[in-house]
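Thanks for making the time, everyone.

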Amino acid sequence: MLKQAKGNIVILTGAGISKESGLSTFRDPDGIWAEVNIDEVATPEGFSHNPAKVHEFYNARRERLLSGNVLPNSAHFALARLEAQWNASVLVITQNVDNLHEKAGTRNILHMHGELTKARCTTCGIVLIWRKALSRNDICGSCTSTGSLRPHVVWFGENPLNMHKIQTALKDAAVFVSIGTSGHVYPAASFISQLKSQKEVMTVELNLEPSANAPLFEYSTYGEATKIVPAFVHGLLESQ
């Protein structure tokens, strides 16, 4: 049983929270990286070598996300409810590039790995809302360069986004919850070690199965996100 929680909550989410919404995970045996060559579609070198192939890969994912068939599930809605009703700050840090947290109502959110519904110009650096197919023929609306737009997604070998804000939030956290993550992707996988070393903090893992970091968490519950996340949120709110 959880001890009574108080103070700021920081929640890290990974692909596991969106799986039940119909989005594939990356590292499962039947996940995306089992079917696609990482070096070809998820590295700066791959984009430089064959931008058309990279655009094709992300265009397909963006189209599916925006098709109307991929919707937030009860786990996403539960976190939005927690943000709205908790008596301190609730921040969601997500490794996901989908927009399901926002669709469920979460407002205080940081995307570490970018957003599928945005494009970034490699010439002027502007980030644009982008909800259609992206190609080498598109023109940047800011600097008017052609062929400079790329998916606003962090590729292997690139630095995650929002790290300064994330580090500040972790230092102020009283509760840290990891949901649907493998524990293999850094720097996110190092957050739990950082928290355990810096101060007293309640740490919770909610996952389909134990992650690589499972022994470091004080509390853990395993099962489908749509079941265990709403139950966890209900327990937190009842404890206020």
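What follows is a short account of the fold as a whole and then of the nonpolar cores.

Please keep in mind throughout that this is a predicted model. The protein has 8 helices and 9 strands, and its C-alpha atoms fill a box of roughly 55 × 35 × 30 Å when taken along the principal axes. For 240 residues a compact globule would have a radius of gyration near 18 Å, and because the protein has 18 Å, the value agrees with that expectation. Of the contacts between residues at least 6 apart in sequence, 66% join residues at least 24 apart.

Now to the interior, where 49% of the 240 residues count as buried. Which members of the largest nonpolar core touch the most other members? In this core of 26 residues, they are Ile 9, Ile 11, Leu 82, Val 177 and Val 229. Several elements each supply at least two residues of this core, among them strand 1 (9–13), helix 4 (74–85) and strand 7 (175–179), while helix 8 provides the largest share, 7 residues.

Leaving aside residues up to four places away in sequence, Val 229 touches Ala 75, Ala 78, Leu 79, Ile 179 and Leu 206. Finally, a second, separate core of 17 residues includes Leu 12, Leu 91, Leu 110 and Ala 169.

Definitions and conventions. Residues numbered from 1 in each chain as written. Predicted model: local features only at pLDDT ≥ 70, side-chain atom pairs only at ≥ 80, totals over all residues. Heavy atoms only, no water. Core = buried A, V, L, I, M, F, W, Y, C linked by side-chain atoms within 4.5 Å. Buried < 20%, exposed > 50% of the residue type's maximum accessible area, 1.4 Å probe, protein only. Helix = DSSP H or I, 4+ residues; strand = E, 2+ residues; numbered from the N terminus. Contact = heavy atoms within 4.5 Å. Rg over C-alpha atoms; globule rule 2.2 N^0.38 Å.
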